[in-house]
Amino acid sequence: MNQEFDRMVYCGLLVRGNLKGAMAYLRQYPEYRALYQKYEAVFEREEYLIYPEDAEIDALLQIYQKYYREVFFLEVDAKKAEENMKNRFAAFFGIDAGKMTFRELEETQIADSFRKKCFQFLGGETSGYYGPYIWKTTELKTYDVGLPEGNQSYPVQFLDGFIAKSWLDYLSFGKTGTGGWSNGDGLLNCVRAVYDLASESFQVSFLKHEAKHAMDLARYPEMQPTDLEYRAKLVELIYTKERNLLAVFAQDADTSNKENGHALAASRIAEEFTRESGGNPLSIAETQSIARKLLQKSNEEIKEKYAH
């Protein structure tokens with residue numbers, strides 16, 4: 001008899017890029033048969049999702065969908081899948097992209113195509129995999145954010161009208177994905193539809209997490225994604241009171257993909273908290289205390305690693 005479906009297990013597999021593992025997990029639960037059949041249709045039979053905005057947008061996003069299938073389902077080498085995707089886009093635009101990197105092609109031809117359709121476009125990699133964020137509208141607000149270092153005001157750009165939210169949203173058919181990001185310019189970008197703005201999830205896992213990224217990048221612009229994620233996750237643990245984030249991070253933990261900063265940071269946190277607690281359950285106060293201790297230790301490590 002299978003145990004009850006655990007959304008954390010399912011989402012954790014997808015966060016780690018383990019699509020086949022997530023599908024195998026789903027297949028055990030008859031109540032999720034429709035969702036499993038959707039995976040079969042998209043990834044086995046290549047019945048790709050349709051984007052009804054217009055034919056060109058649908059064609060462009062189908063090329064990204066083929067990349068997702070190659071990387072996550074067929075398990076093609078990531079660099080080879082990137083090259084295949086570049087060649088498909090070059091053929092679509094009728095250009096010779098032989099000397100261009102995919103990033104260069106994405107930042108010019110692909111981005112321009114969406115902007116001409118009145119969409120905003122952010123390309124590049126998220127945790128080691130390509131997948132664009134494409135949306136319609138933005139609204140700017142300012143928040144005073146409390147962090148262990150003190151309070152600081154940050155502008156938050158709320159993004160709405162998405163047609164694409166990168167690979168994790170696609171792999172989960174919208175059930176999980178990136179809720180926001182900071183690019184090092186001090187601006188926090190929030191996918192508004194993900195959050196109840198009164199919730200701890202928004203106040204801690206978005207505002208404090210992304211503000212910590214912004215603060216760290218302002219001080220140390222060369223800080224690597226795994227260090228950024230580790231420190232931001234510790235900040236979440238310092239302030240969270242309503243959720244067992246340690247359990248969430250344990251499900252996200254993975255060291256097999258050295259490009260996935262989220263999974264690597266979650267692995268480090270899981271290891272360090274196990275060591276600090278001796279494997280015993282922790283209260284919220286104990287979790288917060290250990291997180292503060294580890295962040296203080298990280299502060300010293302980061303100074304030595306990145307200060308010039």
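Reader: Which strands form a hairpin with two residues between them?

Author: Strand 5 and strand 6 form that hairpin. The model is predicted, with residues numbered from 1 along each chain as its sequence is written. Local features need pLDDT of at least 70, side-chain atom pairs count only at pLDDT 80 or more, totals for chains, interfaces and linings use all residues, and side-chain values use heavy atoms, leaving out hydrogens and water. Helices (H or I, at least four residues) and strands (E, at least two) are DSSP runs, numbered from the N terminus.

Reader: In what sense do strand 5 and strand 6 pair?

Author: They pair in the antiparallel sense, over 11 bridges; two strands pair if DSSP finds at least two bridges between them. Val145 stands opposite Gln152 in strand 6.

Reader: What order do the four strands of the open sheet take?

Author: The order is 5-6-9-8, and the pairing is mixed. Strand 5 (137-147) and strand 8 (180-182) are the edge strands, each pairing on one side only. From one strand to the next, the twist averages 25°.

Reader: How many bridges join strand 6 to strand 9?

Author: Four bridges join strand 6 (residues 150-160) to strand 9 (residues 188-191), and these two run parallel. In strand 9, Cys190 is the bridge partner of Phe158, and Asn189 stands opposite Gln157.

Reader: Which helix lies across these strands?

Author: Helix 8 (residues 200-219) lies across strand 5, strand 6, strand 8 and strand 9, running at about 85° to strand 5. Axes are lines fitted to C-alpha atoms, for helices over the stretch in contact, and angles run from 0 to 180 degrees between N-to-C directions.

Reader: A change of topic: is Asp169 buried or exposed?

Author: Asp169 has 17% relative accessibility and therefore counts as buried (under 20% relative accessible area, with exposed over 50% and partly exposed in between; 1.4 Å probe, protein chains only). Asp169 lies in helix 7 (residues 166-171). Not counting residues up to four places away in sequence, Asp169 touches Gly174, Thr176 and Gly177, where contact means heavy atoms within 4.5 Å.

Reader: Finally, at what angle do helix 9 and helix 12 cross?

Author: The axes of helix 9 (residues 225-239) and helix 12 (residues 284-306) cross at roughly 155° and come within 8 Å. The two helices are therefore roughly antiparallel to each other (angles over 145 degrees).

Terms used:
Angles under 35 degrees count as roughly parallel, over 145 as roughly antiparallel, 65 to 115 as roughly perpendicular and the rest as oblique.
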